[in-house]
Amino acid sequence: MLESHKNNRIKFNKPGTQRNFILKTRNILGLTKGGLAKRLHISQRTLADWAREKITISQVAAETMSILSNIPIPKRHSIIDWRIRFQRAGEVGGKNKFLKYGSVSVNEKYRKEKWQEWWDRVGQYKKRPKNFQSLLKIKIPKKNKSLAEFVGIMLGDGGIAPYHVSISLSDQEMNYIAYIKKLSYQLFGVLPKVYKRKKAEAVDLVIQRKQLVDFCQHIGLVLGNKVRQQIDIPQWVKESEIFSRACIRGLVDTDGCFFQHNYIVKGQKYSYLKMAFTSASFPLVLSVARMLTKFGFRIRISKNKKDARIEDTQYVLKYIKEIGSHNSKHLQKIEKWKKSIDMLE
């Protein structure tokens with residue numbers, strides 16, 4: 001017997017009757033609460049609610065208990081048909097919804113959209129109750145290449161609000177989303193929640209921890225608009241070659257792209273693989289260009305100062321070999337280019 005919402009209920013006329021019936025059954029069968037719940041195929045929580053007479057017992061459960069213990073079901077009771085019970089529950093729910101929204105026919109989709117609008121505009125910036133965030137601790141990592149890569153990801157597609165940290169990505173980058181979730185858990189002991197945007201093919205990975213917001217600022221990230229503040233790579237990252245490479249990987253995996261440049265000369269087809277890192281913060285573009293130049297790459301900054309580019313295929317391949325990528329979107333483009341080269345040959 002499985003407890004179902006479609007089971008009729010028994011309502012005993014006298015208080016205490018349901019509780020005593022359950023206790024007698026347990027004593028005769030010599031079962032614990034968990035043992036009886038298991039025999040009835042219900043949860044211990046449900047059995048406890050029945051014993052406290054918080055809710056009425058199901059007819060099928062009472063009949064099963066009577067058969068197992070040879071105790072007759074107490075006579076003074078009435079049967080509540082499950083259809084009537086659900087009708088009453090619907091009436092109560094409708095009344096509560098009317099009192100809350102002024103209408104019974106509130107569109108749930110509309111309500112959720114309005115809540116999201118409130119959250120984006122006001123809710124995420126509201127100050128939490130005192131000591132609320134102090135209960136939500138994170139693990140504080142040491143400065144290492146994983147943290148440096150996280151910094152690169154945040155400088156690329158991340159954002160910091162007063163009470164949460166977020167990373168925005170395309171909903172097509174599922175493998176990279178999984179990678180960032182794993183990286184966040186390894187660093188901070190917290191898994192980001194993933195929210196799908198309704199009007200865009202994008203998702204937001206969100207960690208709501210004030211302690212993480214404070215930590216991010218401590219390691220050189222900024223609260224608020226990154227472009228307005230013309231962000232740059234923190235100095236502690238720049239001072240280490242290992243950290244610098246990891247940070248660049250995070251930057252390119254989020255705000256970088258790999259692309260083919262194809263053209264034909266005298267009937268001969270040519271295809272070159274190129275890479276670009278794009279940002280509206282010139283200090284960030286300049287730092288990436290300087291770091292890559294220091295590591296032996298040939299870099300060109302675009303005229304609008306928003307791109308740092310590697311336009312020589314041999315250096316793009318050098319980048320993949322020495323710095324690498326954790327974003328399968330980039331790796332797939334590189335494999336596609338390699339196949340096109342094989343076809344040309």
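This is a predicted model: local features need pLDDT of at least 70, side-chain atom pairs count only at pLDDT 80 or more; totals for chains, interfaces and linings use all residues.
Visitor: Why is the contact between Lys210 and Asp214 called a salt bridge?

Guide: A salt bridge is a side-chain nitrogen of Lys or Arg within 4 Å of a carboxyl oxygen of Asp or Glu. For Lys210 and Asp214 the N to O distance is 2.7 Å, so the pair meets the rule. By this rule the count comes to 14 salt bridges.

Visitor: Where do Lys210 and Asp214 lie?

Guide: Both are in helix H9 (residues 210–218), four residues apart, or about one turn of the helix. Helices here are DSSP runs of H or I with at least four residues, strands are runs of E with at least two, and both are numbered from the N terminus.

Visitor: What makes Arg245 part of a network?

Guide: Arg245 forms a salt bridge with Glu241, with the closest N and O atoms 3.0 Å apart. The side chain of Arg245 also meets that of Glu322 in a salt bridge, at 3.6 Å from N to O. Glu322 is in helix H13 (residues 313–322) and Arg245 in helix H11, 77 residues apart, so this pair links distant parts of the chain. Salt bridges that share partners join Glu241, Arg245, Lys318 and Glu322 into one network. Glu241 and Arg245, in contrast, are four residues apart in helix H11, about one helical turn.

Visitor: Why is Arg245 called buried?

Guide: Its relative accessibility is 17%, so Arg245 counts as buried. Glu241 has 48% and counts as partly exposed. Glu322, with 35%, is partly exposed.

Visitor: How do you know that H7 and H11 cross, and at what angle?

Guide: The axes of helix H7 (residues 145–157) and helix H11 (residues 241–255) come within 7 Å and cross at roughly 35 degrees. Axes are lines fitted to C-alpha atoms, for helices over the stretch in contact, and angles run from 0 to 180 degrees between N-to-C directions. H7 passes H11 in a right-handed crossing. A crossing has that name if the near helix is turned clockwise from the far one by less than a right angle, and is left-handed if anticlockwise.

Visitor: Which residues make the contact of H7 with H11?

Guide: Contact means heavy atoms within 4.5 Å. Among them are Ala148, Val151 and Leu155 of H7, and Ile242, Phe243 and Ala246 of H11. The residues of this contact divide into nine nonpolar, four polar and six charged. Ala, Val, Leu, Ile, Met, Phe, Trp, Tyr, Cys and Pro count as nonpolar, Asp, Glu, Lys and Arg as charged, and the others, Gly among them, as polar.

Visitor: What makes S4 and S5 a pair of strands?

Guide: Two strands pair if DSSP finds at least two bridges between them. Three bridges join strand S4 (residues 158–160) to strand S5 (residues 165–170), so the antiparallel pair meets that rule. S4 and S5 form a hairpin with four residues between them, and Gly159 stands opposite Ser166 in S5. Six bridges join S5 to S7 in the antiparallel sense, where Ser166 stands opposite Val206.

Visitor: Why are S2 and S3 called edge strands?

Guide: Strand S2 (57–58) and strand S3 (77–80) each pair on one side only. They belong to an open sheet of three strands in the order S2-S1-S3, with antiparallel pairing.

Visitor: What makes the phi of Glu53 worth a remark?

Guide: Most residues other than glycine have a negative phi. Glu53 has a positive phi of about 60 degrees although it is not a glycine. Glu53 is in the loop between helix H3 (44–51) and S2.

How values were computed:
Residues are numbered from 1 along each chain as its sequence is written. Side-chain values use heavy atoms; hydrogens and water are left out. Buried means under 20% relative accessible area, exposed over 50%, partly exposed in between (1.4 Å probe, protein chains only).
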